[in-house]
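Here is a short report on one predicted model.

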Amino acid sequence: MPTTEANDRVRLVFSLFDADGNGYLEPSDFELMGKRTVAALPAAGEEAGARLLDSFRRYGDTLLSELDTDGDGRVSPEEFTAVVLDPRRFDAAVDEFADALSAMGDVRGDGFVARPDFLALMTAIGFDRPNIEALFEVLCPVDGDRVPVAVWADAIRDYYRPEKAGIAGDRLVSGAAR
């Protein structure tokens with residue numbers, strides 16, 4: 001059963017994925033969000049950008065194929081909320097997205113994401129700056145204000161787990177920065 005925190009994360013994720021703000025998730029939303037996120041960190045390089053954009057597309061395709069219960073080619077908030085927190089259906093897409101996003105932030109290829117790169121990517125996705133800063137801090141930055149890629153990837157995976165509460169990603173929910 002999803003926790004209250006997981007339900008809050010679901011509402012936030014829907015609003016962010018609805019990149020054009022029309023109240024539905026459509027393929028164009030994932031394309032728009034992907035391109036916006038890739039453009040936020042050009043220093044990551046073309047290969048990392050292409051990987052991230054592909055993961056946005058596949059994540060969007062997975063959501064649309066799994067959640068569009070009425071067959072209208074888009075996902076409503078009700079369709080999204082009803083099943084998005086089913087790990088069996090989304091683990092592969094979430095894993096790919098988590099790996100691609102965290103790797104995109106590793107512009108130096110040293111296994112770490114520097115604060116400015118983290119902020120750029122998370123801002124492009126649409127999270128609020130104070131919440132992004134709070135998340136970065138709880139990921140325990142090390143050596144030169146950086147977080148390990150693997151730590152961030154795991155935090156992304158946790159964000160999509162319905163049984164999780166009190167996780168790092170809960171700081172991304174509006175008003176949760178602390």
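## Cavities

Helix α8 gives the most to the lining of the largest cavity, with four residues. Helices α1, α5, α6 and α8 each supply at least two lining residues. Helices here are DSSP runs of H or I with at least four residues, strands are runs of E with at least two, and both are numbered from the N terminus. The lining holds 17 residues in total, and Met122, Phe127, Tyr159, Tyr160 and Leu172 lie nearest the cavity centre.

The volume of this largest cavity is about 190 Å³. A search of the whole structure finds three cavities of 30 Å³ or more. A cavity is a set of points, on a 1 Å grid over the protein atoms alone, where a 1.4 Å probe fits but cannot get out; lining residues have an atom within 4 Å of a point. Grid points are joined across faces, edges and corners, and the volume is the space filled by probe spheres set on the points.

## Basis of the model

The model is predicted: local features need pLDDT of at least 70 and side-chain atom pairs count only at pLDDT 80 or more, while totals for chains, interfaces and linings use all residues. Residues are numbered from 1 along each chain as its sequence is written, and side-chain values use heavy atoms, with hydrogens and water left out.

## Nonpolar core

The largest nonpolar core has 51 residues, and Phe17 and Phe80 touch the most other members. Such a core is a set of buried Ala, Val, Leu, Ile, Met, Phe, Trp, Tyr and Cys residues joined through side-chain atoms within 4.5 Å. At least two core residues come from each of α1 (4–17), α2 (27–39), α3 (46–67), α5 (87–104), α6 (115–125), α7 (129–138) and α8 (149–159). The largest share, eight residues, comes from α5.

Phe17 counts as buried, at 4% relative accessibility. Buried means under 20% relative accessible area, exposed means over 50%, and partly exposed lies in between (1.4 Å probe, protein chains only). What does phenylalanine 17 contact, leaving aside neighbours within four places in sequence? Its partners are Leu25, Asp29, Phe30, Met33, Tyr59, Leu63, Phe80 and Tyr160. Contact means heavy atoms within 4.5 Å.

## Aromatic pairs

A pair of aromatic rings is described by the distance of the centres and the angle of the planes. Rings of Phe, Tyr and Trp (its six-membered ring) pair if their centres lie within 6.5 Å; planes under 30 degrees apart count as stacked, over 60 as edge-to-face and the rest as tilted. By this rule there are eleven aromatic pairs. Phe17 and Tyr59 form an edge-to-face pair, at 5.4 Å centre to centre and 65 degrees between the planes. Phe17 lies in α1 and Tyr59 in α3, so the pair ties together parts 42 residues apart in sequence.

Tyr59 is buried, at 2% relative accessibility. Tyr59 also forms a stacked pair with Phe97, at 6.0 Å and 25 degrees. That pair links α3 to α5, across 38 residues. Phe97 is buried too, at 6%. Ring pairs link Phe14, Phe17, Phe30, Phe56, Tyr59, Phe80, Phe97, Phe127, Tyr159 and Tyr160 into a cluster.

## Charges over rings

Arg9 lies over the face of Tyr159, at 5.7 Å from the ring centre. Arg146 lies over the face of Phe112, at 4.1 Å. The rule requires NZ of Lys or CZ of Arg within 6 Å of the ring centre and within 35 degrees of the ring normal.

## Single residues

Ser55 is found in α3 and is buried at 1% relative accessibility. Not counting residues up to four places away in sequence, Ser55 touches Glu96, Phe97 and Ala100. Val10 sits in α1 and is buried at 6%. Pro42 lies in the loop between α2 and α3 and is exposed at 64%.

Most residues other than glycine have a negative phi. Cys140 has a positive phi of about 60 degrees although it is not a glycine. Asp145 likewise has a positive phi of about 60 degrees. Cys140 is in the loop between α7 and β2 (146–148), and Asp145 is in the loop between α7 and β2. Cys140 is exposed at 51%, whereas Asp145 is partly exposed at 32%.

Terms used. On a 1 Å grid over the protein atoms alone, a cavity is a set of points where a 1.4 Å probe fits but cannot get out, and a pocket is an open set with protein on both sides within 12 Å along at least five of seven lines; lining residues have an atom within 4 Å of a point.
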